[in-house]
Number of protein chains: 2
Amino acid sequence: MTLNYYWTRYRSVLIYGILLAALLLLLKWLEWRFIIVDYAFEMYAGFIAILFTGLGIWLALKLSKPKTATVYIEKEILIKDNGEFVLNELELNRLGLSKRELEVLQLMAQGLSNQEIAGHLFVSLNTIKTHSSKLFEKMDVQRRTQAVDMAKKLSLIP
Amino acid sequence: MTLNYYWTRYRSVLIYGILLAALLLLLKWLEWRFIIVDYAFEMYAGFIAILFTGLGIWLALKLSKPKTATVYIEKEILIKDNGEFVLNELELNRLGLSKRELEVLQLMAQGLSNQEIAGHLFVSLNTIKTHSSKLFEKMDVQRRTQAVDMAKKLSLIP
DNA sequence: TTCAAAATCACCCTAAAGTATGACCGGAAA
DNA sequence: TTTCCGGTCATACTTTAGGGTGATTTTGAA
């Protein structure tokens, strides 16, 4: 049915209209309640309000057409040679990562959970948590995903 | 309850309605108080007109979809010495990932938390959770780190 | 216009991740 | 020898991630 269609399409506008109508009715009720004689002004004010609200909406919709320009930010990070992976020992030393921490980082990058990493390295889950915490602190990140992302960019892992 | 739901959805309309009611009541009060209507009606009407034009503009900007800021997707292209990133559309179609899901995946790979992704895409945290859940299901993985690892291998992300 | 997929959001719950603190041990450096 | 650090582990706690369900809205193609 067309009525239903237009309802779903312009629901917001219609709800706004209904709200306005309800408010005007409320005002009229207040008038009647307190016996205010000169109600002409309220009607006038309401009319002006509706009119200029519409004008404002029209103005906003007409004038604000900022065609969103897609911004491309090119950021050159590091050169990963077309050959094989070479560990960036400079960065590794700069960050001060230990052997074990690097192992944990590598397994993290393969998508393993802490529990699985613990299994691979034959240590407890708590140990992995300690390693990863120190790892994040040294790399100055908050999450394993950030650590992996940074490690790949710094060529700490393949 | 669903009350909270409707509040977040129609907040703008409700706030506008409340403001409108408050303003009209204020005007009525001023009228009773100082009886300025008789002398400065034009000024009064002008005041209302300006006010509601502003409100109309505000309302339009609030209700119109934020299509202004949404398209910024391509971000941080890291260039390596040879060969740029080309999206593997075959794999993309095979997995059946939607546009939005791919966006979420890209932001995930940059180490963002779900909360941060929600902020970037101007949606709620729950939406990101839904997207990521479907994403993991389609990619047949359990964790975001696995998803990122696979996506890189399949060349779905740089 | 109609319909299905995509997108959005909420709520509840569990699992995993991360933080903080303290402890123990063994080897290397001072 | 003492000190320091890496590695190990625990306990307790907070935060984030993820699973499942259900709902409405937007959108694009038929």
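# A guided tour of chains A and B

Begin with chain A: from the N terminus on, its elements follow the order α-α-α-β-α-α-α-α-α. This amounts to 8 helices and 1 strand, where helices (H or I, at least four residues) and strands (E, at least two) are DSSP runs, numbered from the N terminus. The model is a predicted one, in which local features need pLDDT of at least 70 and side-chain atom pairs count only at pLDDT 80 or more, while totals for chains, interfaces and linings use all residues. Residues are numbered from 1 along each chain as its sequence is written, chains are lettered from A and ligands numbered from 1 in the order in which they are written, and side-chain values use heavy atoms, with hydrogens and water left out.

## Stop 1: chain A as a whole

The mean pLDDT of chain A is 72, and 51% of its residues reach 70 or more. Select residues 1–6 of chain A: pLDDT stays under 50 here, and the model has 2 contacts for them beyond four places in sequence. A contact means heavy atoms within 4.5 Å. Then select residues 65–81 of chain A, where the pLDDT is also below 50. Beyond near neighbours in sequence, the model gives this stretch 33 contacts.

Of the 158 residues of chain A, 34% count as buried. Buried means under 20% relative accessible area, exposed over 50%, and partly exposed in between (1.4 Å probe, protein chains only). Among the contacts in chain A with a separation of 6 or more, 56% are accounted for by residues 24 or more positions apart.

## Stop 2: helix α6 of chain A

Select residues 114–121 of chain A, which form helix α6. Which residues of this helix are buried? They are N114(A), I117(A), A118(A) and L121(A). These residues cover an arc of only 105 degrees around the axis, which puts them on the same side of α6(A); the arc is that of the directions from the helix axis to the C-beta atoms. An α-helix has 3.6 residues a turn, so residues three or four places apart point the same way.

Turn the view to the face of α6(A) directed away from its buried side, where the exposed residues Q115(A) and H120(A) are found. The cover over the buried residues of α6(A) includes α5 (99–109), α7 (125–139) and α8 (144–153) of chain A. After α6(A) comes F122(A), with a positive phi near 60 degrees.

On the α6(A) side the contact is made by N114(A), Q115(A), I117(A), A118(A) and L121(A), and on the α7(A) side by L125(A), I128(A) and K129(A).

## Stop 3

Select D140(A), in the loop between α7 and α8 of chain A. Its phi is near 60 degrees, a positive value in a residue other than glycine. Is D140(A) buried or exposed? D140(A) is exposed, with a relative accessible area of 63%.

## Stop 3: helix α5 of chain B

Move to residues 99–109 of chain B, helix α5. Of its 11 residues, 9 are buried, so the helix is largely enclosed by the rest of the structure. Among the buried residues are L102(B), V104(B), L105(B), L107(B) and M108(B). What do the buried residues of α5(B) pack against? Their partners are α8 of chain A together with α4, α6, α7 and α8 of chain B. Just after α5(B), select G111(B), which takes a positive phi of about 85 degrees.

## Stop 4: two loop residues of chain B

Select V86(B), in the loop between β1 (75–77) and α4 (89–95) of chain B. V86(B) is exposed, with a relative accessible area of 60%.

End at D140(B), in the loop between α7 and α8 (144–153) of chain B. D140(B) has a positive phi near 60 degrees and is exposed, with a relative accessible area of 61%.

Notes: pLDDT is the predictor's confidence in each residue, from 0 to 100.
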